[in-house]
Amino acid sequence: MLPWSADLAGRLDHHVVESDLLRGNPLGDPHERPLVVYVPPGYDDSPERRYPAMYVLLGYSGHVGMWFNRTPFRQPYPELADAMFAAGDAPPAIVVYVDAWTALGGSQYLDSPATGRYHSYLRDEIVPFVDARYRTLADRDHRAVTGKSSGGYGAMVTAMLAPDVFGALATHAGDALFEVCHRPRFPALARRLRDMYDGSYDKFLADFRSRLPGTKDGDLELLEMYAYAAAYSDDGIVRLPFDDTGAVVPEVWDRWLSLDPVVMAADPRHADALRSMRAIWVDAGSRDEYYLDFGAVSFHRALEAAGVPADRVHFELFEAGHGGIEYRYPLALSWLSHRLT
């Protein structure tokens, strides 16, 4: 009964996936992971019917259990998606809620020797797990990857790195245009690290892990930057992209930029992948605190430069900040499901 809960017209199945690829990962994170799979209304009544599948990725610090958090005057995303399918606003689809959390708060959905093989986990373990247990249309032309913030970043890079697995994507305020969304934060973080921890990330991490997280200014900002540095490492060593003055360290920053979706889209291999997509949804709030609206604009322009047909792309800026845009997610699911059915 709303606002405390809602009865679903479809069904949510809760699984635990035992991952061989995440076993023994560098951070010692669990290799057994929760996975939630939604099947739409009528799934059990039509045993011959098969459905497109849409994979949903969380933003930084998110884990799959957080999809069920309730906030005032809002419903959680799984309920909003269910209501959309129940109303007949979109062709029915299977929705898969993926967990790629790490002890640092996130993996960026990449394979990294400093965090673990989270891209391969999604591509080579989660997708086959779902296809083996549910009546999916089990090919890339009927499969999408979606997400917000770091999840939107994951959607963009996953589609570019695995176009044989995913044929569509949706990114809501996804991390992009690193020169604008990340680089301006370096001096403030360097100062905070200097003034609170003598410039040492080891001291910060030891302090952070010794107490209730989030009880000191800058906790999550410092951890987030370290998590990105770990995710973008190419040799297992976590190197910051800035020095003690907040100035860029070129050799590290170049590695980060090579994983910026805007830069990646200009690579002929990734441009080919993007042109192969059946549908690409890009949006962001026009007041995004991390300037990811500019990232969305730049990624959209990169799609145009790559030659992605305009009729396959939905681009929109809307009045909002970075948070509280969950109401947008079902809009993208509806648009994608029409194109993947």
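Is tyrosine 118 buried or exposed? At 1% relative accessibility, tyrosine 118 counts as buried (buried is under 20% relative accessible area, exposed over 50% and partly exposed in between, with a 1.4 Å probe and protein chains only). This is a predicted model, in which local features need pLDDT of at least 70, side-chain atom pairs count only at pLDDT 80 or more, and totals for chains, interfaces and linings use all residues. Residues are numbered from 1 along each chain as its sequence is written, and side-chain values use heavy atoms, with hydrogens and water left out.

**View A. The surroundings of tyrosine 118.** Tyrosine 118 sits in helix 2 (residues 118-133); helices are DSSP runs of H or I with at least four residues, numbered from the N terminus. Setting aside residues up to four places away in sequence, tyrosine 118 touches Leu22, Asp29, Arg33, Ala100, Trp101, Thr102, Ser107, Tyr109, Leu110 and Asp111 (contact means heavy atoms within 4.5 Å). Take tryptophan 101 from that list: it lies 17 residues from tyrosine 118 along the chain, and their C-alpha atoms are separated by 9.3 Å.

**View B. The largest nonpolar core.** Here we look at a set of buried Ala, Val, Leu, Ile, Met, Phe, Trp, Tyr and Cys residues joined through side-chain atoms within 4.5 Å. Of its 116 residues, Tyr55, Tyr97 and Ile126 touch the most other members. Helix 7 (residues 219-231) gives the most to this core, with nine residues. Domain 1 (11-177 + 261-338) and domain 2 (180-256) each supply at least three residues, with bounds from an automatic or database domain assignment.

**View C. A closer look at tyrosine 55.** Beyond its neighbours within four places in sequence, tyrosine 55 is in contact with residues including Val96, Val98, Leu122, Ile126, Arg143 and Phe166.

**View D. Helix 1 against helix 12.** Helix 1 (residues 77-86) and helix 12 (residues 329-340) pack at an angle of about 40°, with their axes 9 Å apart; axes are lines fitted to C-alpha atoms over the stretch in contact, and angles run from 0 to 180 degrees between N-to-C directions. Helix 1 is therefore oblique to helix 12 (under 35 degrees is roughly parallel, over 145 roughly antiparallel, 65 to 115 roughly perpendicular and the rest oblique). Tyr77, Leu80, Ala81 and Met84 of helix 1 make the contact with Tyr329, Pro330, Leu333 and Ser334 of helix 12.

**View E. Helix 5 against helix 7.** Helix 5 (residues 186-197) and helix 7 pack at about 115°, with axes 11 Å apart, so helix 5 is roughly perpendicular to helix 7. Phe186, Leu189, Arg192, Leu193 and Tyr197 in helix 5 meet Asp219, Glu221, Leu222 and Met225 in helix 7.

Notes
Helices (H or I, at least four residues) and strands (E, at least two) are DSSP runs, numbered from the N terminus.
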